[in-house]
Amino acid sequence: MDLQQQFEAAAAASKTLSQKPDNETLLQLYSLYKQGTEGDVNTDPPTNLFDFVAKAKYDAWQKLKGKSKEEAQQEYITLVTRLKG
């Protein structure tokens, strides 16, 4: 199975975890997924100052700027595998 197939399988598995991860882990999953599928942030930051979730998601993704898609995919796979534990 190549990296892309493993990544897609991990994405599917992330939706069936027995327990919901904490918020920090959810942000990790989100940002690694976005970096692994789209690369560096390609949208403007949220403009609504009270949309804390959108801001947190944007900031988490922004922190991964420069990380290759393949590296992000591998980290995502590792994180999902650990969560499935």
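The side chains of Lys-67 and Glu-75 are joined by a polar contact of 2.6 Å. In this predicted model, the pair also meets the terms of a salt bridge, at 2.6 Å from N to O. Lys-67 sits in the loop between H3 and helix H4 (69-84).

Is Lys-67 buried or exposed? Its relative accessibility is 19%, so Lys-67 counts as buried, the limit being under 20%. Glu-75 is partly exposed, with a relative accessible area of 31%. Glu-71 is partly exposed, at 41% relative accessible area.

Side chains of opposite charge can pair when their charged atoms come close. Beyond its neighbours within four places in sequence, Lys-67 is in contact with Gln-35, Asp-40, Ala-72 and Glu-75.

**Salt bridges**

How many salt bridges does a search of the whole structure find? The search finds four. Lys-55 is partly exposed, with a relative accessible area of 46%. Asp-59 also counts as partly exposed, at 29% relative accessibility.

**A nonpolar surface patch**

Which residues make up the nonpolar patch on the surface? Leu-49, Phe-50 and Phe-52 form it. Together they have about 450 Å² of accessible area. Phe-50 lies in the loop between helix H2 (23-38) and helix H3 (52-62). The relative accessible area of Phe-50 is 68%, so this residue is exposed, the limit being over 50%.

Ala-13 is placed in helix H1 (residues 3-14). Its relative accessibility is 14%, and Ala-13 therefore counts as buried. What does Ala-13 touch, leaving out residues up to four places away in sequence? Ala-13 touches Val-80 and Lys-84. Both fall within the residue range of helix H4 (69-84). Glu-38 is 25 residues from Ala-13 along the chain. The C-alpha atoms of Ala-13 and Glu-38 are separated by 20 Å.

**The annotated region**

The UniProt record, an unreviewed entry, places the feature "domain: ACB" at residues 3-85. What are the helix and strand contents over this range? The chain is 66% helix and 0% strand over residues 3-85. The C-alpha atoms at the ends of the range are 20 Å apart.

Definitions and conventions:
Residues numbered from 1 in each chain as written. Predicted model: local features only at pLDDT ≥ 70, side-chain atom pairs only at ≥ 80, totals over all residues. Heavy atoms only, no water. Patch = residues over 30% accessible without salt bridge, like charges linked within 9 Å, V, L, I, M, F, W, Y side chains within 5 Å. Areas by Shrake-Rupley, 256 points an atom, 1.4 Å probe, with all protein chains shown as cover. Salt bridge = Lys/Arg side-chain N within 4 Å of Asp/Glu carboxyl O. Helix = DSSP H or I, 4+ residues; strand = E, 2+ residues; numbered from the N terminus. Buried < 20%, exposed > 50% of the residue type's maximum accessible area, 1.4 Å probe, protein only. UniProt positions renumbered as here; feature names shortened; annotations may be inferred. Contact = heavy atoms within 4.5 Å. Polar contact = N/O pair within 3.5 Å; in protein donor to acceptor, adjacent residues only side chain to side chain.
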